[in-house]
Amino acid sequence: MTARRAVRIGLTGPIGCGKSTVAGWLAVRGAAVVDADGLAREVTEPGQPALAAIVERFGPDVRRGDGSLDRQGLAAIVFADPAELAALEAIVHPAVRPRILAAIEAAEADGARAIVVEAIRLVEGGLAELCDEVWLVVCDPTEQRARLGARGMDDADAARRIAAQEGIRERLRPHAGRVIDTSGPPSAAEARVDAAFREALALTR
């Protein structure tokens, strides 16, 4: 009897709308989560080639005195200019992709029932093609700003990051098989995620 391959679910959507929260709910239900954005942070740690490339492209001011990446300073540059953001992604995406593929392979080998790839640039980074389903995680704009503020992000930074993603819902909607709205009470949002997950598992049986 051939073992059933784990269903692969890609999570994407605007900043502050709950991708990580949804991933956490899926993890509780037995999914293995691959945090692409977390892996992207790993490849820009001191000693990594991607960090050296970033410093070469954006200048020494984006590196702190201890050799680590000044993520806030870099964010101020790239979220203010789409061309600069594209330049950063051209450095980071090729570096992080092998790690994502390795994490998926490891989860498959461990017998995970589902594998969740969480990435804000899931489609643009070519990761959606690795997934059976793409879930677009959205929320009410007022809640989005409130959640970013709860993270300690000031209003100006939040506005800059949201503006950098202008039109993201419309761009991603054609690629998404499901839209998960996390607005409102968390218990209600979790129930919607649970129902969607059950459907996704049923489709792969």
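Modeller: Start with α3. Pro49 and Glu56 are exposed on one side of this helix. Keep in mind that this is a predicted model.

Biologist: Which residues of α3 are buried?

Modeller: First the general idea. An α-helix has 3.6 residues a turn, so residues three or four places apart point the same way. Now the case here. Ala50, Leu51, Ile54, Val55 and Phe58 are the buried residues in α3. Viewed down the axis of α3, they fall within an arc of 140 degrees, so they line one face of the helix.

Biologist: What do the buried residues of α3 pack against?

Modeller: They pack against α4 and α5. Look also at what comes after the helix. Glycine 59 follows α3, and its phi is positive, near 100 degrees.

Biologist: Now the packing. Which residues have the most contacts inside the largest nonpolar core?

Modeller: In soluble globular proteins, nonpolar side chains tend to be buried together. Here the largest nonpolar core has 39 residues. Those with the most contacts inside it are Ile54, Phe58, Leu74, Ile100, Val117 and Leu127. Several elements each supply at least two residues of this core, including α3, α4, β3 and β4. α5 gives the most, with 9 residues.

Biologist: What is leucine 127 in contact with, leaving aside its neighbours within four places in sequence?

Modeller: Its contacts are Ala36, Arg97, Ile100, Val117, Ala119 and Leu122.

Biologist: On to the cysteines. Which cysteines does a disulfide join?

Modeller: A disulfide is a covalent bond between the sulfur atoms of two cysteines. In this model the count comes to 1 disulfide. Cysteine 17 is joined to cysteine 139, with S to S at 2.5 Å. The link is left-handed, with -70 degrees about the S-S bond. Cysteine 17 sits in the loop between β1 and α1, and cysteine 139 in the loop between β4 and α6. The two are 122 residues apart, so the pair links distant parts of the chain.

Biologist: Are cysteine 17 and cysteine 139 buried or exposed?

Modeller: Both cysteine 17 and cysteine 139 are buried.

Definitions and conventions: Residues numbered from 1 in each chain as written. Predicted model: local features only at pLDDT ≥ 70, side-chain atom pairs only at ≥ 80, totals over all residues. Heavy atoms only, no water. Core = buried A, V, L, I, M, F, W, Y, C linked by side-chain atoms within 4.5 Å. Buried < 20%, exposed > 50% of the residue type's maximum accessible area, 1.4 Å probe, protein only. Helix = DSSP H or I, 4+ residues; strand = E, 2+ residues; numbered from the N terminus. Contact = heavy atoms within 4.5 Å. Arc of directions from axis to C-beta.
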